[in-house]
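Me: Please walk me through this structure one feature at a time, giving the general idea before the particular case wherever there is one.

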Amino acid sequence: MSSFDFNDFKFDKDDSKKKSLNKKKIIGITTAIAAILVIVLIILLAKGCGTSSSSVSDKEKILNLAKNYMNKGAYDRALDYLDKLLENDPYDIELNTLLDQILELKKNADSDNSNQNLNVSIDTDNLQNSIEDMARQNQAMQQQMANFQKQQEKALENERIRKAEQEKMAKEAEIQRQKEEAERKAIEEAKKQAEAELARKNAQLQKEIASVNDKIAQGRAALDTGNINGAIADFEDAKNLLPISDGEPAFSASKYSQMASLLHEAAQNAASDEDKKRLEDKAVEYATQAVALNPKDADSLEILGLNELEKKNNAKALDYLTKAAQYDGKNYLYYYNLGRVQFIMGKYSEAKASFTKSTELNATFAPSRYNLGMTKNKLNDSNGALSDFRKAHDIDPRHEKAYLEEARILSRKGDQAGAIAAYKNVLNINSVNRQALQELGSSYSKIEKWAEAEESFRKSLALLKAGTEDPLTQYNLSTALFEQKKIDDAVSYAKKAYDSCGMLKDMKRRSDIIYNYALICDKTGRTDEAITLYAEALKNNPSHVKAQINLGVMYMNMDPPDSDNALAMFLKAYAMDKNNFEVNNNLGSAYLEKKDYTNAITYFQNALNISQNNNDVRFNLAQAFASDKQYDNAKTTYTELLRRDSSNCDAYIELGKVCLQLGDNQSAEKYLVTAQAKRPDYRKAEIDSLLNSISNGR
């Protein structure tokens, strides 16, 4: 190795002076370059910010002359021109900035001239690159501004379109209303004309018609005041005046139909069920008489159809309502009610056509739009259904059910944020909607917002009627509480859900609640109770895979492990779900415990294929290989594990053991020493013993 000779580094005083002088020159050069860069940037910025006008003011001309002389190094002439401008405006920021720059440049130039004609070399490449970088940044900023402007324009356009659509809907609604009003007036006018024609025939006919109409008018007035007895008496008087001497059977049919419609409408707003039945029964009686005289009387056919629907005579209801829509194809309510009975009967394609027709006849009738969405849901057209539910609550902003169905679809699609917003709209309309509160809590649970989920479930339970239970909500609340480490409350609500789950007819739901209680007991150390509950869950639902797995794991965790019962549980689970990671991994562990290494290897390999990045399974597989004396495969598997996780000390130790079995003491020592270095006190006695055996074997 060569020695360090200080004689090679002698310093000369003259050299020191030269270096000091050069240092000053370099500082001067740097200052000059910086000044020039500033000037160039100012010029570029001035050009970029200039206007497109071709005319130049006197001030600008003089200013440009000053800058020109400055750029050429004629600083005194530049100052002369600048002084002229400052005389007129001594406080001009731009002029004063330029004055400072020229004075600085002049000072630097004077200093440089005193330094033996030092040549200045400017790195024009770097300057050009800086200018180009600025240009690119400016271009990028302009592009961002352009994009922002486009976004703003698009937002404005979307808002314009939305307002246009709203205006269009309003216009369509008004047109529809006017159309219906015109049709109603036309029908009334036609009736009046018919009656007038009859009345003209003779005075007796006119008198009879007037008497019938008077009685019906009196009955209408009685209904308006809630006098049901008086109304029915008036209508019966009108009935007794029929038939008149001419114009039969059309006139009598129309009067029966009119009275039936008045009674049916009053029944919808009756003060009691008893009043409703009286009114509806009389309406059906008159409607039956009307249809007997005129089989194509659509109003009466609808009344009869709705009455049969109320009595769940769906086939008869379908027949009446089909005829009503057939004989009056312009009445949206006929198609709406026809769609309802078709939906109830499971005729979803037909119901879709009826509700669609109803919405075409009246685009502002929210119930038709809502029911069209419900029908599309049944036909698995969730996107179409979602669109219809949104249109329904656009028409009627307080359409609670439309918001609820929208939320459900969004939740199923995985859009929990959208679902939560829709559920909140339901609750803004009806804050005591328990179903919405429960489902809102479930959406919060899916995104692990446990505190919000807890709040929703608690609000739902607070609305329960006294003396009733809701095991599903209690079960969900227990889960939310457990995730927040509120163990005592979680156990309490899991127990409440368990105690009341017998009221559920769905055995799978019941099994889930029992399993949940078992799981919480399992995780809180109540082992015996958990085992009993897992078994009970399986009794209610033998296909409950998770209960099979967890019960098997509990058998494996016994001291000593009950590997036979555990294996039985895992094999049942495997028969139900061969691609379940937990099932395969636990089967591997059970077979490893029983020293059935061939099966252990098979199921660990299955688990690793399902979860290829799971190093716990990779470790288990390596152990199985080693136990089966497949040391090469064990070494390969441990090595791959350490490539993925170099901090796994257990893998280093076990790999060291495998290398010993392969006679590779050098590698074994390397892996054992590595484990010892990473964690000096971990499995210390075992590592020391292995290292000693290697040393003694040398």
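This is a predicted model: local features need pLDDT of at least 70, side-chain atom pairs count only at pLDDT 80 or more; totals for chains, interfaces and linings use all residues.

Me: Which value does phi take at glutamate 448, and which at lysine 485?

Reply: Glutamate 448, a residue other than glycine, has a positive phi near 60°, and it lies in the loop between helix H18 (434-446) and helix H19 (450-462). With a relative accessibility of 59%, glutamate 448 counts as exposed, where buried means under 20% relative accessible area, exposed over 50% and partly exposed in between (1.4 Å probe, protein chains only). Lysine 485, in the loop between helix H20 (471-483) and helix H21 (487-500), has a phi near 65°, again positive in a residue other than glycine. Its relative accessible area is 68%, so lysine 485 is exposed.

Me: Which residues of H11 are buried, and which are exposed?

Reply: The general idea is that an α-helix has 3.6 residues a turn, so residues three or four places apart point the same way. In H11 the buried residues are Ala317, Leu318, Leu321, Ala324 and Ala325. Because they cover an arc of only 130° around the axis, they fall on the same side of H11; the arc is that of the directions from the helix axis to the C-beta atoms. Exposed on the other side of H11 are Ala315, Lys316 and Gln326. The cover over the buried residues of H11 includes helix H10 (298-310) and helix H12 (332-344).

Me: What span should H11 have, and what is the distance between its end C-alpha atoms?

Reply: The expected span of a helix is 1.5 Å times one less than its number of residues. For the 14 residues of H11 (residues 314-327) this should be 20 Å, and the end C-alpha atoms are 20 Å apart, which agrees. Helix H2 (residues 58-71), with 14 residues, reaches 20 Å from its first C-alpha to its last, close to the 20 Å expected. The buried residues of H2 are Leu63, Ala66, Lys67, Tyr69 and Met70, and they cover an arc of only 165° around the axis, which puts them on the same side of H2. After H2 comes glycine 73, whose phi is positive, near 85°.

Me: At what angle do H6 and H7 pack, and in which kind of crossing do they pass?

Reply: Axes are lines fitted to C-alpha atoms, for helices over the stretch in contact, and angles run from 0 to 180 degrees between N-to-C directions. Helix H6 (residues 203-224) and helix H7 (residues 228-240) pack at an angle of about 170°, their axes being 8 Å apart. They are therefore roughly antiparallel to each other, since angles under 35 degrees count as roughly parallel, over 145 as roughly antiparallel, 65 to 115 as roughly perpendicular and the rest as oblique. H6 passes H7 in a left-handed crossing; a crossing is left-handed if the near helix is turned anticlockwise from the far one by less than a right angle, and right-handed if clockwise. The contact (heavy atoms within 4.5 Å) involves residues including Val212, Ile216 and Leu223 of H6 and Ala231, Phe235 and Ala238 of H7.

Me: At what angle do the axes of H16 and H17 cross?

Reply: The axes of helix H16 (residues 400-412) and helix H17 (residues 416-429) cross at roughly 160° and come within 8 Å, so H16 and H17 are roughly antiparallel. H16 passes H17 in a left-handed crossing.

Me: Where is asparagine 585 found, and what does it touch?

Reply: Asparagine 585 is in helix H26 (residues 581-593) and is buried, with a relative accessible area of 16%. Leaving aside residues up to four places away in sequence, asparagine 585 touches Phe604, Ala607, Val617 and Asn620.

Key:
Residues are numbered from 1 along each chain as its sequence is written. Side-chain values use heavy atoms; hydrogens and water are left out. Helices (H or I, at least four residues) and strands (E, at least two) are DSSP runs, numbered from the N terminus.
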